[in-house]
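Hi,

Here is the structure I said I would pass on to you.

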Amino acid sequence: MKFNRKSLALMLIDSVLVNLAAFGSFYLRFEGDIPNEYFWTYYHTAWAGTIIYLLTFSLFGLYNRLWQYASISELLSILYAVAVGTSSVVLVIYFLAPMRYPNTVAVLFWLTTTFLIGGSRFLGRILQDGVLNARIPGIPKRVLIIGAGDAGALGIRELKNSNYREGYPVGIIDDASQKQKLKLMGIPVLGTRVDIPRVVKAHKVEEVIIAMPSAPGNVIRDITEICEKSDVVIKIIPGIYNYFSGQVDTLKIREVQIEDLLGRDQVNLDIEEVAGYLAGETVLVTGAGGSIGSELCRQIGRFNPEKLILVGRGENSIFDIEQELRSDSPGINLITEILDVKDREKVELVFRKYKPGVVFHAAAHKHVPLMERNPEEALKNNILGTYNVAEISDLIQVKTFVLISTDKAINPTSIMGATKRVAEMIIQSLDRRSQTRYVAVRFGNVLGSRGSVIPTFKKQIAKGGPVTVTHPEMIRFFMTIPEAAQLVIQAGAMARGGEVFILDMGKPVKIVDLAQDLIRLSGFDAGVDIKIEFTGIRPGEKLYEELLTAEEGTTSTKHQRIFVAKASVVDVARIERLVQMIRGRGSYLAREEIVEELGRIVPGFQQLLGKRDMERVGAR
């Protein structure tokens, strides 16, 4: 192995320490009166013992570790290395030296060497942990940690590593009864969440760090509300997971965000299954510049595809994701194509040129009110565009085709929802006659996507309000952008053909609750500093969304958070006629004609509010 200056310095120090340990062992054994024969034995064999130790330490990696971050693993390495080194030295002396070491000297030699080598290595860690250093004066913040677990320990260590410049932990809060009155890294557990106001007041706490990355959203919400009443700054150590290893990736203390309040756990990938169908494959993503499409590209790139083809209509968004991927993942073979999925000829040219093995179809119009005003564009993009991409995937024998769908496709009351339901039917009909595995992925609203409710609320709060909510009883399913992308990728791995995969997204959330939470997290009082106004349900919207029709039902999959809907009956002839109608005069179709045609294909499609929603509104 190569040795740098630091390693050579350590070797020099170790040479001195092992000889000091050897001499000290004789000194202790004979109480300072070492017999001459043993002294000469040590004198003639010291060079050999030193070399043996240095070689053993090198073999066990004691010269290529960052000892300021030493842990149990490093301690075990020292114990093993010293044990092997001492045994080797004793054996060499036994067979080669005129007099062997006394047994007690051998034991003392092992103990003193362990103490000196271990002490020299852990001295930096001891100093870093602040045992010998007092905290710096004038600390502006006194910090309370919520959670006496692994994340809490990471939070305390992070504060210590910064020499408490970011705050000094005065105590910990944890609901577990067995942890009360104990200490974590020297910091006492001072009570449960109900004790937060008392602890904050007694210890003059200025900042609270929630260190519970696996806690459900309702727990985080409850703790946040308690802390807000105590007038402290609230931060969080989120569950930052590397989706491709399933392990915590970094520690990042930040402000609490609305995503932290979702009442369920994050979705995680089956890494081996996903890597098996993406690695070494040519993967094409339509709508690659959008919120979901771009996140798909980020995650797909980590599975070493042979090529990743970014397809989109907007040059600026495609340029942005291309530059980001080239910067963050320079090893990816990236290809960009600007095209409109409605242009069948260009779609076919691109597909025949690159022959993708996996296609993720994320290109779609998604805004309900806009599509109500422009229904012909919803038909052209969501139905004709999907048909083009899906049909050509069959022609060039794509292995797996994944359609990104929406909960608005179920019992649709909007043009957008109905067109997405037809898109699902298209891929199910093609699956019955194609070697390509066609699947759809259905999920709810995506937090943080362009045009979604959270960015809209943030803009309204930044302007001083009001925050506009359509109806006090409006509820939706929510997920994060990474979760949505994960579900899509996982669905492709699980595809057998014809399925509609559905994510268990937990309980739906009231939009007004999200608005109130976001106002509070922004440092304002809802209804006082920032007002909430109800504007009325917009055309095509429902009070609540569904993930299944009554006829579909679900069956479980091996992924505990993903279910599959039973295949529904598809009228292929009607779909073909609709596609031809859109191709022939899509831009000239009247609204009434569009509603009528969609109603013939999508059972129960009703314009504006569904009958059940009207009943719910009337009941209130």
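V205 sits in the loop that runs between α6 (196-202) and β5 (207-210); helices (H or I, at least four residues) and strands (E, at least two) are DSSP runs, numbered from the N terminus. A quick word on the source: this is a predicted model, in which local features need pLDDT of at least 70 and side-chain atom pairs count only at pLDDT 80 or more, while totals for chains, interfaces and linings use all residues. Residues are numbered from 1 along each chain as its sequence is written, and side-chain values use heavy atoms, with hydrogens and water left out.

Back to V205: is it buried or exposed? V205 is buried, with a relative accessible area of 7% (buried means under 20%, exposed over 50%, partly exposed in between, using a 1.4 Å probe and protein chains only). Not counting residues up to four places away in sequence, V205 touches R142, V143, L144, V170, V199, V200 and V232, where contact means heavy atoms within 4.5 Å. S230 is 25 residues away from V205 along the chain, and their C-alpha atoms are 9.3 Å apart.

Next, take a look at strand β9 (residues 307-312). Since 5 of its 6 residues are buried, β9 is largely enclosed by the rest of the structure. It pairs in the parallel sense with strand β8 (residues 282-286) over 5 bridges, and pairing needs at least two bridges found by DSSP. Here V283 stands opposite L308. β9 also pairs with strand β10 (residues 334-338), again parallel and over 5 bridges, with E337 in β10 as the bridge partner of V311.

Now for the cores. A nonpolar core is a set of buried Ala, Val, Leu, Ile, Met, Phe, Trp, Tyr and Cys residues joined through side-chain atoms within 4.5 Å. The largest one has 51 residues, and F351, L379, I383, F401, V422, L578 and L598 have the most contacts inside it. Helix α14 (residues 415-431) gives the largest share of this core, 9 residues. Apart from this core lies another, of 39 residues, including L325, L334, V441 and A484. In soluble globular proteins, nonpolar side chains tend to be buried together.

Finally, the whole chain: it has 20 helices and 22 strands, and 52% of its 620 residues are buried.

Cheers
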